[in-house]
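This report covers a single protein chain.

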Amino acid sequence: MSMFKAKVLLLGPMESGKTVLANFLCKATEVTNISPTVGVRIMEFEQPMILDGRNTVADIELWDCSGDHRYESSWAAFSKDANGIIFVYNPDRANHNKELEELSIISEHTMH
């Protein structure tokens, strides 16, 4: 039985690699066709870890959130009860730095 549960958001601009990272973290290597995320995709997995010197299993909820601004009104709801955020961007895309900065400001106001 898990003693540790975490809800983690993946946030970033469109086409920054959030879904690829989510698949990697969840060991979903069989996924080969990646299309833009519609709203949010929630993946659950267990992660062995050592907590306070004891072996345990963490239950992770990984929320792969779309970077499409048409879902911006939902981002506050996505962040409810989140334990952390992983920001993802593609440094080769000129506008990603600015979009990531905007997302981090939005997340500061919505995370509790």
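## Cysteines and basis of the model

Cys-65 counts as buried because its relative accessibility is 1%; the class buried means under 20% relative accessible area, exposed means over 50%, and partly exposed lies in between, with a 1.4 Å probe and protein chains only. Cys-26 is also buried, at 15% relative accessibility. The structure holds zero disulfides, a disulfide being a pair of cysteine sulfur atoms within 2.5 Å. In general, a disulfide is a covalent bond between the sulfur atoms of two cysteines.

The model is predicted: local features need pLDDT of at least 70 and side-chain atom pairs count only at pLDDT 80 or more, while totals for chains, interfaces and linings use all residues. Residues are numbered from 1 along each chain as its sequence is written, and side-chain values use heavy atoms, with hydrogens and water left out.

## Secondary structure and burial

The chain contains three helices and four strands. Helices (H or I, at least four residues) and strands (E, at least two) are DSSP runs, numbered from the N terminus. Read from the N terminus, the order of elements is β-α-β-β-α-β-α. Of the 112 residues in the chain, 38% are buried.

## Aromatic contacts

The structure has one aromatic pair. The rule takes rings of Phe, Tyr and Trp (its six-membered ring) and pairs them if their centres lie within 6.5 Å; planes under 30 degrees apart count as stacked, over 60 as edge-to-face and the rest as tilted. The pair consists of Trp-63 and Phe-78, with 6.2 Å centre to centre and 55° between the planes, and is tilted. It links distant parts of the chain, since Trp-63 belongs to strand E3 and Phe-78, 15 residues apart from it, to helix H2 (residues 75-79). Both Trp-63 and Phe-78 are buried.

Trp-63 has a further contact: Lys-7 lies over its face, at 3.8 Å from the ring centre. A charge sits over a ring if NZ of Lys or CZ of Arg is within 6 Å of the ring centre and within 35 degrees of the ring normal.

## The largest pocket

Rolling a probe the size of a water molecule over the atoms shows where empty space is left. On a 1 Å grid over the protein atoms alone, a pocket is an open set of points where a 1.4 Å probe fits, with protein on both sides within 12 Å along at least five of seven lines; lining residues have an atom within 4 Å of a point. The largest pocket holds about 260 Å³ of space, where grid points are joined across faces, edges and corners and a volume is the space filled by probe spheres set on the points.

The lining of the largest pocket comprises 19 residues, and those nearest its centre are Met-14, Glu-15, Ser-35, Pro-36 and Thr-37. Helix H1 (18-25) and strand E3 (54-65) are the elements that give two or more residues to this lining. H1 gives the most, with three residues. By type, the lining divides into seven nonpolar, seven polar and five charged residues; Ala, Val, Leu, Ile, Met, Phe, Trp, Tyr, Cys and Pro count as nonpolar, Asp, Glu, Lys and Arg as charged, and the others, Gly among them, as polar.

## Positive phi angles

Most residues other than glycine have a negative phi, and most peptide bonds are trans. Glu-15, named above as one of the residues nearest the pocket centre, has a positive phi, near 60°. Glu-15 is in the loop between strand E1 (4-11) and H1 and is exposed, with a relative accessible area of 56%.

Asp-52 also has a positive phi, near 55°. Its loop lies between strand E2 (40-51) and E3, and Asp-52 counts as exposed because its relative accessibility is 76%.

## Contacts across the sequence

Leu-51 lies in strand E2 and is partly exposed, at 25% relative accessibility. Between Leu-51 and Phe-4, which are 47 residues apart in sequence, the C-alpha to C-alpha distance is 8.7 Å. Ala-6 is part of strand E1 and is buried, with a relative accessible area of 11%.

Phe-87 is in strand E4 (residues 84-87) and counts as partly exposed, at 34% relative accessibility. Phe-87 and Leu-10 are 77 residues apart along the chain, and their C-alpha atoms are separated by 6.0 Å.
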